[in-house]
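Please read the numbered points alongside the model.

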Amino acid sequence: MKKLIGGGIFFLSGTTLYTVLIDRASSTASELGGFSTPPGRFGTAVDLLGVSAPLNLSKLLMIVGALFIVWGIFADDIKKRMNNKTKKNDKSTT
């Protein structure tokens, strides 16, 4: 249960951070007069604001949160399967 709560907190904080940064970068991108072609208007706005690292952090938070949620959901099933396998192996060796 702790993994589900922690994963939810990580996922929601990553999603909130990502949404705020994308919103700020998109409003800055709409105000740009000139931009370079390879990164485009949005990429130039992200570079101008310096939010590349926080964007990557928000993506990492979302991934870690999702992994914790999946781990919390399936941890009991994995433990049961591992215990059943070890019990079968113990019975077959005796």
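1. Ala-53 lies in helix 3, helices being DSSP runs of H or I with at least four residues, numbered from the N terminus. Ala-53 counts as exposed because its relative accessibility is 55%; exposed means over 50% relative accessible area, buried under 20%, and partly exposed in between, with a 1.4 Å probe and protein chains only.

2. The model is predicted: local features need pLDDT of at least 70, side-chain atom pairs count only at pLDDT 80 or more, and totals for chains, interfaces and linings use all residues. Residues are numbered from 1 along each chain as its sequence is written, and side-chain values use heavy atoms, with hydrogens and water left out. The chain has a mean pLDDT (the predictor's confidence in each residue, from 0 to 100) of 88, and 95% of its residues reach 70 or more.

3. Where is Gly-14 found? Gly-14 belongs to helix 1, and it counts as buried because its relative accessibility is 0%. Setting aside residues up to four places away in sequence, Gly-14 touches Ser-58, Leu-61 and Met-62; contact means heavy atoms within 4.5 Å. The C-alpha atom of Gly-14 is also 8.2 Å from that of Gly-65, 51 residues away along the chain.

4. The largest nonpolar core has five residues: Leu-21, Ala-25, Val-46, Val-51 and Leu-55. Such a core is a set of buried Ala, Val, Leu, Ile, Met, Phe, Trp, Tyr and Cys residues joined through side-chain atoms within 4.5 Å. Beyond its neighbours within four places in sequence, Ala-25 is in contact with Phe-42, Ala-45, Val-46 and Leu-49.

5. Helix 2 spans residues 40-49, and its buried residues include Gly-40, Gly-43, Thr-44, Ala-45 and Val-46. Gly-50, which follows helix 2, has a positive phi, near 70°.

6. Which elements give two or more residues to the nonpolar patch? The patch itself consists of Met-1, Leu-4, Ile-5, Ile-9, Val-70, Ile-73, Phe-74, Ile-78 and Met-82 on the surface, with about 900 Å² of accessible area together. Helix 1 (2-31) and helix 3 (52-93) are the elements in question, and helix 3 gives the most, five residues. Accessible areas come from the Shrake-Rupley method with a 1.4 Å probe, and for residues only the protein chains shown count as cover.

Terms used
Patch = residues over 30% accessible without salt bridge, like charges linked within 9 Å, V, L, I, M, F, W, Y side chains within 5 Å. Salt bridge = Lys/Arg side-chain N within 4 Å of Asp/Glu carboxyl O.
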